[in-house]
Amino acid sequence: MTSTANSEVGVAGNTATPAPPASRERNDLGWALVFVLPLFSGVALFYLWPIIRNFWFSFTEWGPFGGSEWVGFANYAELITDATMGRAILNTLGYTAILLCGIPIALYFASLLNRPGLRFANVFRTAFFLPYVAMPAAISMVWRIIYNGDFGILNYALSLIGIDGPSWLSTEGVALVAVALVGVWISIGFNLIILSAGMKGIPPELYEAASLDGAKRWTQFTTITVPLLTPSIFFVSVMTVITGFQVFDLLYALMGTTNPAIDKTQSVVYYFFTNIKTGDNGYAAAIGVVILLLVGIFTVLQFQLQKKWVTYV
């Protein structure tokens, strides 16, 4: 009896005292910082620091042989009266607007590829997605041949029906549309994959119930598919706007730097590149800040507008 009591006392004495809640929270926070620190360090080094550095450069003026001088808001004051900058912004907005027109096209093809019983659907999705992952330089080489005003296949096809096609990439006004159409062709694959994934999340029972009520395919598409797919449509629209404001490589590869129409067709990022090439780094940094602000403003605007048309289930 006594030994049993002593053993119980000994066991109770060896029981570890649990750590207080505050100590456990500090330990959890410490481990969280250990795992997050490498990622945060990379973001700070390769994203945040360049933005801060560029913002600082935007208040300076650089000489042809390096070195900078603080000029305050002089670069931004010059941007306000810079007609080339205004034209570049309008070109970028026009390019982005045309790029957004690719979303309904991707939505249409996504609905076709998600029809029950369609054979080789994955093969078709891969074919649509290939332009998105291909090198812009390779794509541009192909489209420069297609758009060629002398021996391009596009003008040849137009000549068969009696239309004299223009020089697509060297005609002011036409060149921007030509480049934007290539951008639409590239972006359809990405948008199609996102929209197809969203369609797979729509319960098939809704379509069955609509069919029993006599709803046709188009009615099902407009009353079921599109409303329930608005979160995916919102996502691809945000990504499309960001992509549109960042257009450079496609424009550069298709038109180059000696094209007679490039001054009237260049985007904001292309104008940024032009100033970097001429050594006007401070002015280019101010253009970079404007690009960041434009992307931020339009993204915030889209998030505000999505409250009126996006349906979350």
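Let me start with helix α14, residues 268–277, where the buried residues are Val 268, Val 269, Tyr 270, Tyr 271 and Asn 275. Keep in mind throughout that this is a predicted model.

What sits over those buried residues? The cover includes α4, α11, α12, α13 and α15. For orientation on screen, α11 runs over 217–245, α12 over 249–255 and α13 over 262–265. Just after α14 comes Gly 279, with a positive phi of about 85 degrees.

Is Gln 306 buried or exposed? Its relative accessible area is 10%, under the 20% cut-off, so Gln 306 counts as buried. Its side chain has a polar contact, at 3.1 Å, with the side chain of Tyr 312. Leaving aside residues up to four places away in sequence, Gln 306 touches Phe 234 and Tyr 312.

Now the charged pairs. The count of salt bridges comes to one. It joins Arg 87 and Glu 172, with 3.4 Å between the closest N and O atoms. The two residues are 85 apart in the chain and link distant parts of it: Arg 87 is in helix α4, residues 83–100, and Glu 172 is in the loop between α8 and α9. Arg 87 is partly exposed, at a relative accessible area of 29%. Glu 172 is also partly exposed, at 45%.

One backbone point on a loop. Phe 120 has a phi near 60 degrees, which is positive, and this residue is not a glycine. You will find Phe 120 in the loop between α5, residues 102–113, and α6, residues 121–133. With a relative accessible area of 53%, over the 50% cut-off, Phe 120 counts as exposed.

By type, the lining of the largest pocket divides into eleven nonpolar, five polar and four charged residues.

That is where I will stop.

How values were computed
Residues numbered from 1 in each chain as written. Predicted model: local features only at pLDDT ≥ 70, side-chain atom pairs only at ≥ 80, totals over all residues. Heavy atoms only, no water. Buried < 20%, exposed > 50% of the residue type's maximum accessible area, 1.4 Å probe, protein only. Polar contact = N/O pair within 3.5 Å; in protein donor to acceptor, adjacent residues only side chain to side chain. Contact = heavy atoms within 4.5 Å. Salt bridge = Lys/Arg side-chain N within 4 Å of Asp/Glu carboxyl O. Helix = DSSP H or I, 4+ residues; strand = E, 2+ residues; numbered from the N terminus. Nonpolar A, V, L, I, M, F, W, Y, C, P; charged D, E, K, R; others polar.
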